[in-house]
Amino acid sequence: MTSIAVTGHANLAEVSKPLIREALVSRLLRHPVSDLTGVSCLAAGADRVFAEAVLAVGGRLVAVIPSWDYRERMVDPRHTDDFDRLCRAAAEIKVMPYRRTTREAYAAANRVLLGRAELLMAVWDGMQGGRGGTADVVATAQAYGLPVEIVWPAGAARETDHASRRDVRAEGRPS
């Protein structure tokens with residue numbers, strides 16, 4: 001079985017999502033789909049685009065949710081339908097043993113994510129961010145000896161206005 005995890009920016013520009021999804025689908029199809037498992041925390045942006053790509057190619061989705069209050073506190077109400085649909089489509093859901101979403105809960109979720117993967121796909125523009133962000137997850141994966149594929153197609157961009165996006169800002173972690 002091929003198990004691929006994702007990390008990436010939560011604040012992807014809407015126009016970038018189809019480009020990124022196409023790039024992810026192309027890379028996922030390099031693996032035998034019948035044995036493909038995608039592991040995602042289902043955060044806004046890259047995590048959800050990856051989950052959609054895994055399902056589109058017929059792979060198995062595993063969701064690693066950082067805490068019990070994640071949906072209520074961290075998912076923008078405009079996006080709960082998408083989040084719920086992805087949870088229903090997941091073959092497995094692992095909710096971390098944290099009541100509240102904190103940096104510690106995210107770090108634990110990322111450890112599970114990396115521990116289950118043979119490969120990490122990073123939807124990443126290469127910029128260093130704050131503690132716990134995409135760059136940190138990539139560095140941790142590399143330190144574990146986990147192969148990392150950077151996915152950032154031409155034309156991809158990040159949103160610059162974080163304040164209007166609750167599920168990016170409220171996550172409490174840099175993207």
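Author: The dialogue below goes from the whole chain to one of its residues. This is a predicted model, in which local features need pLDDT of at least 70, side-chain atom pairs count only at pLDDT 80 or more, and totals for chains, interfaces and linings use all residues. Residues are numbered from 1 along each chain as its sequence is written, and side-chain values use heavy atoms, with hydrogens and water left out.

Reader: How many helices and strands are there in the chain?

Author: Helices (H or I, at least four residues) and strands (E, at least two) are DSSP runs, numbered from the N terminus. The chain has 7 helices and 6 strands, arranged along the sequence as β-α-β-α-β-α-α-β-α-β-α-β-α. Its radius of gyration is 14 Å, close to the 16 Å that the globule rule gives for 175 residues, so the chain is as compact as a globular protein of that length. The radius is taken over C-alpha atoms, and the rule is 2.2 Å times the number of residues to the power 0.38.

Reader: Is V6 buried or exposed?

Author: Buried means under 20% relative accessible area, exposed over 50%, and partly exposed in between (1.4 Å probe, protein chains only). V6 counts as buried, at 2% relative accessibility; of the 175 residues of the chain, 52% are buried.

Reader: Where is V6 placed, and which residues is V6 in contact with?

Author: V6 belongs to strand β1 (residues 2-8). Contact means heavy atoms within 4.5 Å. Beyond its neighbours within four places in sequence, the contacts of V6 include V39, F50, L113 and L120. The C-alpha atoms of V6 and L120 are 5.6 Å apart, although 114 residues separate the two in sequence.
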